[in-house]
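User: Please walk me through this structure, one question at a time.

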Amino acid sequence: MRRFFAENLDIGSDTVLLTGDEARHIKTVLRMSEGDEVLLINGTGTECLAVITSLTDDSVALRIEDRQVCSADPAVTVTLIQCLPKQGKMEVIIQKCVELGVSRIIPAVSRRCVVKPDGRDGKLLRWQKVAQEAAKQCGRAKVPGIDRPSELAKLDLSAFDSVLIAYENEDENSLKAVLRSGNVKDNIAIVIGPEGGFEPAEVERVLACGGTAVSLGRRILRTETAGMAMLAQIMYELEQ
Ligand code: SAH
């Protein structure tokens with residue numbers, strides 16, 4: 001069944017009015033009509049089965065028939081702390097990591113980042129839209145939040161139960177062994193460096209905050225591959 005994002009969806013209400021892109025999509029692109037059923041999400045984790053009751057040129061009215069908690073949302077909470085990659089890669093990272101079950105993404109600025117945030121909200125809004133579209137496409141009802149970029153050196157990591165930093169120079173702890181040790185507790189943060197990797201002091205700070213450095217294997221992955229590989233392994237090991 002087709003899924004739509006309804007920003008103004010009140011889960012407790014019996015009706016909802018869609019406007020803007022989603023209404024246009026239903027009416028003009030898909031040519032749906034009264035009586036057709038759709039699934040609505042508002043990003044919070046519940047999805048609603050709704051039936052179209054009327055359509056105008058720029059709005060679609062629906063009646064909510066049923067509500068359910070979405071089973072596609074992950075049971076394990078993983079926050080990706082991604083050091084800013086070069087132009088354009090962040091969107092791919094967001095899209096794929098949402099599909100793989102990330103719960104939140106914190107863009108971070110580390111010493112070897114080439115790109116620095118411009119302080120304007122345009123890019124952040126674009127990233128949030130990418131997350132919303134990816135969640136909708138892959139069947140999730142919870143849309144992962146994308147934070148404003150933060151300095152890696154100042155990030156407070158104390159809220160996480162486990163912090164795993166993927167370090168290209170780590171050759172003892174493999175992610176596989178760490179995940180199988182039983183010591184990785186939900187909620188997890190994973191930290192990925194930029195193209196140039198981490199400076200040792202950056203890794204040391206994470207370790208001093210209780211984090212663990214892990215290797216992702218014998219090959220050096222690109223920054224945009226590392227988070228995806230790590231998430232896939234975490235979901236494989238920890239999601240029931
Ligand atoms: N320029 C660096 C590699 C950086 S790769 C070098 O040549 O050594 C970008 C980021 O991806 C790294 O900082 C790390 O977080 C992650 N990464 C890539 N391959 C990895 C691996 N084999 N083990 C752990 N982390 C890895």
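Analyst: Gladly! A definition to begin with: strands here are DSSP runs of E covering at least two residues, numbered from the N terminus, and two of them pair if DSSP finds at least two bridges between them. Please keep in mind that this is a predicted model.

User: How many helices and strands are there in the chain?

Analyst: For scale, the C-alpha trace spans about 60 × 40 × 30 Å along its principal axes. Buried residues make up 46% of the 240 residues. The count for the chain is six helices and twelve strands.

User: Through how many residues does a hairpin join β4 to β5?

Analyst: Strands β4 (residues 46–55) and β5 (residues 59–69) run antiparallel and are joined by nine bridges. Along this pair, A50 stands opposite I64, and L55 stands opposite V60. The hairpin takes the chain from β4 to β5 through three residues.

User: Which residue in β5 does T15 stand opposite?

Analyst: β5 has a second pairing to look at, with β2. The two strands pair in the antiparallel sense over five bridges. In β5, the residue opposite T15 is R63.

User: Which strands stand at the edges of the open sheet of five strands?

Analyst: The order in this open sheet is β1-β3-β4-β5-β2, and the pairing is mixed. Each edge strand has a single partner, so one side of it is left without a neighbour in the sheet. On average, neighbouring strands are turned by 40 degrees against each other, direction ignored. The edge strands are β1 (3–5) and β2 (15–19).

User: At about what angle to β2 does helix α1 run?

Analyst: Helix α1 covers residues 20–29 and lies across β1, β2, β4 and β5. Just after this helix, R31 takes a positive phi of about 50 degrees. The angle between α1 and β2 is about 90 degrees.

User: Why are the buried residues of α1 on the same side of the helix?

Analyst: The buried residues are E22, A23 and I26. In an α-helix there are 3.6 residues a turn, so residues three or four places apart point the same way. These buried residues pack against β1, β2, β4, β5 and α3. They sit on the same side of α1 because they cover an arc of only 100 degrees.

User: Which strands does helix α3 touch as it packs on the sheet?

Analyst: Helix α3 covers residues 122–138. Its direction makes about 155 degrees with that of β1. The strands that α3 touches are β1 and β3 (37–41).

User: Is S162 buried or exposed?

Analyst: S162 lies in strand β10 (residues 162–166) and touches N183, V184, K185, N187, I188 and A189, leaving aside residues up to four places away in sequence. A polar atom of the S162 side chain lies 2.7 Å from the backbone nitrogen of K185. The cut-off for burial is under 20% relative accessible area. With a value of 7%, S162 is buried.

User: How is α2 oriented relative to α6, roughly parallel or roughly antiparallel?

Analyst: Helix α2 (residues 89–99) and helix α6 (residues 223–238) pack with their axes 9 Å apart, at an angle of about 10 degrees. K89, V92, I93, K96 and C97 in α2 meet T223, E224, G227, M228 and L231 in α6. Angles under 35 degrees count as roughly parallel. The angle of about 10 degrees therefore makes α2 and α6 roughly parallel.

User: What share of the contacts with a separation of 6 or more is between residues 24 or more positions apart?

Analyst: This one takes the whole chain together. Among the contacts with a separation of 6 or more, residues 24 or more positions apart account for 75%.

Notes
Residues numbered from 1 in each chain as written. Predicted model: local features only at pLDDT ≥ 70, side-chain atom pairs only at ≥ 80, totals over all residues. Heavy atoms only, no water. Helix = DSSP H or I, 4+ residues; strand = E, 2+ residues; numbered from the N terminus. Axes fitted to C-alpha atoms, helices over the stretch in contact; angles between N-to-C directions. Contact = heavy atoms within 4.5 Å. Buried < 20%, exposed > 50% of the residue type's maximum accessible area, 1.4 Å probe, protein only. Arc of directions from axis to C-beta. Polar contact = N/O pair within 3.5 Å; in protein donor to acceptor, adjacent residues only side chain to side chain. Parallel < 35°, antiparallel > 145°, perpendicular 65-115°, else oblique.
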